Amino acid sequence: MIRRLDGLPPAATDQAAQLYWAAFGTKLGRLLGPEARALDLLARVIRADHALVAVTRDRPRVVGVAGFRSTAGGFMSFGQRHLAAVYGDWGGLWRSAVLRGLAGDVDNARFLIDGLAVHPDWQGQGLGSALIDALAAEARARGYERLRLDVADHNIRARALYERLGFGVVGHQRLRLLAPVFGIRGSTAMDRAV
Ligand SMILES: CC(C)(COP(=O)(O)OP(=O)(O)OC[C@H]1O[C@@H](n2cnc3c(N)ncnc32)[C@H](O)[C@@H]1OP(=O)(O)O)[C@@H](O)C(=O)NCCC(=O)NCCS
């Protein structure tokens with residue numbers, strides 16, 4: 001069942017943060033790790049009004065999360081204040097600079113999918129596709145005409161899924177100086193009509 005994260009109790013945000021970290025911790029570990037600090041930060045910066053989640057029916061548990069970015073903001077709002085609270089003044093400052101560099105790429109004209117992850121035990125059952133369908137409905141309701149996402153070059157499976165769901169390649173970004181920080185060489189931008 002797909003729900004808006006802001007309609008669920010705070011524990012659901014913690015579960016979404018854990019899912020996000022399990023999926024992207026390898027990529028973000030150098031910047032935001034170790035895990036305990038990263039989870040502390042994610043709980044502070046996740047904006048529940050910019051995320052949809054897949055929830056199990058029996059004992060409610062978040063097993064999929066899809067963040068999005070609209071003109072009103074993104075899935076996470078990394079303020080200097082939050083970063084300093086978790087990593088100290090200097091640690092917060094350089095992380096904030098790196099995150100600002102990444103955010104420079106954001107395209108607000110199209111509705112941007114800002115992180116999609118399904119728990120490994122629940123993958124291959126259509127939840128990722130259902131979350132993208134729900135994101136398309138959310139985008140439509142907000143008046144957007146196109147959906148956009150970025151997929152890391154090595155993520156062949158996710159890219160194949162997006163192609164099956166009608167996304168086409170619209171660009172490629174090389175990470176250059178930041179490549180060693182994230183352990184990926186670059187990412188491909190894809191989009192489709194909502
Ligand atoms: C990418 C990701 C979100 C896809 O989620 P998912 O829930 O597995 O996606 P779906 O189940 O909708 O589709 C994936 C596969 O299941 C198949 N599938 C779809 N609906 C299905 C169903 N009802 N029953 C069985 N299989 C199904 C699809 O054909 C697809 O096949 P594949 O194994 O060749 O890829 C998930 O793999 C994930 O979290 N990966 C780690 C994080 C990540 O890479 N995120 C993307 C960053 S851009």
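Which of the 17 residues around the ligand come nearest? Some notes from my read-through:

1. V118, Q123, G126, G128 and S129 come nearest, where a residue is near if its C-beta atom, placed from the backbone, lies within 6 Å of the molecule. Bear in mind that this is a predicted model: local features need pLDDT of at least 70, side-chain atom pairs count only at pLDDT 80 or more, and totals for chains, interfaces and linings use all residues. Numbering starts from 1 along each chain as its sequence is written.

2. Two or more shell residues come from each of β4 (111-118), α4 (127-141) and α5 (156-164). Helices (H or I, at least four residues) and strands (E, at least two) are DSSP runs, numbered from the N terminus. With four residues, α5 gives the most.

3. The sheet is open and has seven strands, ordered β1-β2-β3-β4-β5-β7-β6, with mixed pairing; strands pair if DSSP finds at least two bridges between them. β1 (2-4) and β6 (168-174) stand at the edges with a single partner strand each, so one side of each is left without a neighbour in the sheet.

4. β1 pairs with β2 (residues 51-55) in the antiparallel sense, over three bridges. One detail to look up: A54 in β2 is the bridge partner of I2.

5. Helix α1 (residues 10-32) packs on the sheet and touches β2, β3 (62-69) and β4; contact needs C-beta atoms, placed from the backbone, within 7 Å. Its direction makes about 85° with that of β3. Axes are lines fitted to C-alpha atoms, for helices over the stretch in contact, with angles from 0 to 180 degrees between N-to-C directions.

Methods: Contact = placed C-beta atoms within 7 Å.
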